[in-house]
Amino acid sequence: MRVKLLSYTPNPEILCAAAALTSSRRRGASESIEELDLEKARRIIRRVLSYGHYSVIEHASFTFSLEGVSRALTHQLVRHRLASYTQQSQRYVAYDTLEHYVVPETIKQSEEAKKLFEETLAKISETYQKLLELNIPKEDARFILPNAAKTNIVVTMNARELRHFFNLRCCQRTQWELRQAATEMLRQVKRVAPALFENAGPYCVEFGYCPEGKMKPSTCNIAEIKEKFKNL
Ligand SMILES: Cc1cc2nc3c(=O)[nH]c(=O)nc-3n(C[C@H](O)[C@H](O)[C@H](O)COP(=O)(O)OP(=O)(O)OC[C@H]3O[C@@H](n4cnc5c(N)ncnc54)[C@H](O)[C@@H]3O)c2cc1C
């Protein structure tokens, strides 16, 4: 899996701070933005977020490329509606080798499961190729492809939606592959806009408790998780 922050709104913290000042200043953001340095901008962002005024961070957007991830991951990712997506098309790009599939660790660790998985994928690959040779269009041959099929997707979210996405998808309850991708996305945005993503992470990190109730995994240790995300 490759996760790369491709691009983001220039000076995202200064922009969001200038937007925040618009609500309480007589003059407009075009003037306030000139007086803001990073330190002041971060102070303003921390203050407005502490009031729960999250709409100001919607002005900053972040675009990522997720490459070599499974269709199982992207199917879950695109459930997040306040985002823009562009995904590799199975109508145009053919699958031809076993390298085009994601193999979960649990399957890698069991000899028997691994053998079964690989044999099934080999059979699927072979059938897929045969369908193409029979002039079946890729858009129909792909009906045989599994959730494990690798894909690339570009996703853009604003900082508010990203924080919500991290609440849900950095959580231990989320499927491992999407959790890994979300955690790496958070690591990268923290580097470029730390104030926008301060205390961001799974719900327990941001809000101090787990809303999952009986669904909370028994292995979850909130103190350890908090420490991990503090040092991400
Ligand atoms: C651990 C886990 C298990 C899951 N299991 C399942 C499952 O078994 N089956 C399943 O179908 N899904 C499942 N999901 C997906 C989940 O139900 C959501 O579809 C997904 O997480 C997107 O979250 P969202 O709707 O909050 O966010 P987004 O689409 O990212 O939206 C962000 C926020 O905007 C607001 N919003 C967006 N659209 C609307 C709207 N139309 N109306 C009102 N408010 C809106 C809401 O406040 C929402 O929280 C699971 C998710 C997780 C994290």
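Helices here are DSSP runs of H or I at least four residues long, strands are E runs of at least two, and both are numbered from the N terminus. The model is a predicted one, so local features need pLDDT of at least 70 and side-chain atom pairs count only at pLDDT 80 or more, while totals for chains, interfaces and linings use all residues. Residues are numbered from 1 along each chain as its sequence is written, and side-chain values use heavy atoms, with hydrogens and water left out.

Take the largest pocket to start with. A pocket is an open set of points on a 1 Å grid over the protein atoms alone, where a 1.4 Å probe fits, with protein on both sides within 12 Å along at least five of seven lines; lining residues have an atom within 4 Å of a point. The largest pocket holds about 220 Å³, a volume being the space filled by probe spheres set on the points. Of its 17 lining residues, Asn167, Leu168, Cys171, Arg173 and Glu212 lie nearest the centre. Both α8 (159-169) and α10 (203-207) supply at least two lining residues each, and α8 gives the largest share, with three.

As for cysteines, there are zero disulfides (pairs of cysteine sulfur atoms within 2.5 Å). Cys204 is in none, and the nearest cysteine sulfur, in Cys220, sits 6.4 Å away.
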